[in-house]
Amino acid sequence: MMTGLHYHKLALVIALAAMNSALARGQSQPGALARLQSSDHSERRSGFYSLLSSVDSSGSSLSYRARNERLAAFARQQPAVGRGLIGLLERENAEPAAQVSEDRYIGDLIAAVAALRDPNAVHALAGAINTGRLATEGLAILGDAAVPAVLTEAERLDYPTRVSALLTLSEMVTITPAPTISNENRGQIRSILLRALDDSNRFAREAGLDGLVAFPDTVVRRAVARVAAQDPLVLHDGGKLRYPVRERALTTLGKLDALWPRARS
Amino acid sequence: MSQGNGTTWAWLKTALVIAAGDGYGADEWRTEYGGPRTATSGYRTPEHNHSVGGAMDSRHMHGDALDLNNDSGTQTEWNNMFYAAQRANADYIESQTESKLDHVHADWRNH
């Protein structure tokens, strides 16, 4: 049975362990931060993982998301860490040739920067917008702070970037909890998503449909209904004909009608 | 390796811990693409990963990565698989600089 004295001893041991951990972080962090700025790719990579492991004393038993959240919490206490990570992603975005196939590093770095939820990370995340959900979700949750940069990406001529930006905008207006988005920015997002319905790229049209669920007005409903009836894309899938964009539009219509019946008129 | 049609690559789903109908993963990727795809690499043991020259810490060894072959070898097919991976909520999709034109590599490391 533990006595009061035992509890005091246990508390002391825990406190000492926490102090040692903080001390270790304090010693390793400046070295790791300096390595993030190295001209050598492998040195920057190594510095990043040193920093990441310094917040995970459990030896990687934390979940992927939890480890990034812990690093973000640490960065809030030590702003130089957040600045270092954001600068590192900007640097890696500028040197795509250094990236190696199947290396988890760039994805892990994007995840760490996204977890910061820092408006200063917009440029870095926008530079990685073509890499999947870690980057697009990271931008979407920033709301207003990310709108100008994502709108710029959505106007680009190269389709992967444009589609990625449209997906980000759609996510921004549909995710929960909803990020702060001004009426002016919402208006711009609505316009660009409506315009996407006439894009020659099937995936751009689908991305537009996803986000228009958030705009329950008659103009949007009419536009979505037109796509549901007339979109030209036909796929031959296993002997069946499929109209994937029309199907998506019908789903969007269903959501609009379920949530806002007044949009039917 | 496997022509996915939503059911025949159950072995992959199990290894990848990617469930059908959850809006992400192998089945979703195939559905969003709109037709059968050829998976060329899913879960790898460390030994297998080493033997195929995979990166030392490849997500394939975590069981959450999948490679789909570019059957026609065209840029259009690669792009469409890339977009479909985005719609399947892949957390990270390699650029063509990394994975080359012959396949698309995507993973769901944050799911």
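How many salt bridges are counted between chain A and chain B? The count is seven, where a salt bridge is a side-chain nitrogen of Lys or Arg within 4 Å of a carboxyl oxygen of Asp or Glu. One of them joins the side chains of Asp108(A) and Arg109(B), at 2.7 Å from N to O.

Colleagues, a word on the basis of these values. This is a predicted model, in which local features need pLDDT of at least 70 and side-chain atom pairs count only at pLDDT 80 or more, while totals for chains, interfaces and linings use all residues. Residues are numbered from 1 along each chain as its sequence is written, chains are lettered from A and ligands numbered from 1 in the order in which they are written, and side-chain values use heavy atoms, with hydrogens and water left out.

I turn to the interface. Chain A contributes 36 residues and chain B 35 residues to the contact, contact meaning heavy atoms within 4.5 Å. Between them the two chains bury about 2,900 Å², 45% of it on carbon and sulfur atoms; buried area is the accessible area (1.4 Å probe) that two parts lose on being put together, summed over both. Of the area that chain A buries against chain B, 26% comes from Glu102(A), Arg133(A) and Phe203(A), more than from any other three residues.

Finally, the aromatic rings. Over all chains, the count is seven aromatic pairs. Rings of Phe, Tyr and Trp (its six-membered ring) pair if their centres lie within 6.5 Å; planes under 30 degrees apart count as stacked, over 60 as edge-to-face and the rest as tilted.

Which residues do ring pairs link into a cluster? They are Phe203(A), Trp78(B), Phe82(B) and Tyr83(B). Phe203(A) has already been named among the three residues that supply 26% of the area buried by chain A against chain B.

Phe82(B) and Tyr83(B) form an edge-to-face pair, because their planes stand at 70°, with ring centres 6.1 Å apart.

Are these chain B residues buried or exposed? Trp78(B) is buried, at 5% relative accessible area; buried means under 20%, exposed over 50% and partly exposed in between (1.4 Å probe, protein chains only). Phe82(B) is buried at 3%, and Tyr83(B) is buried at 3%.
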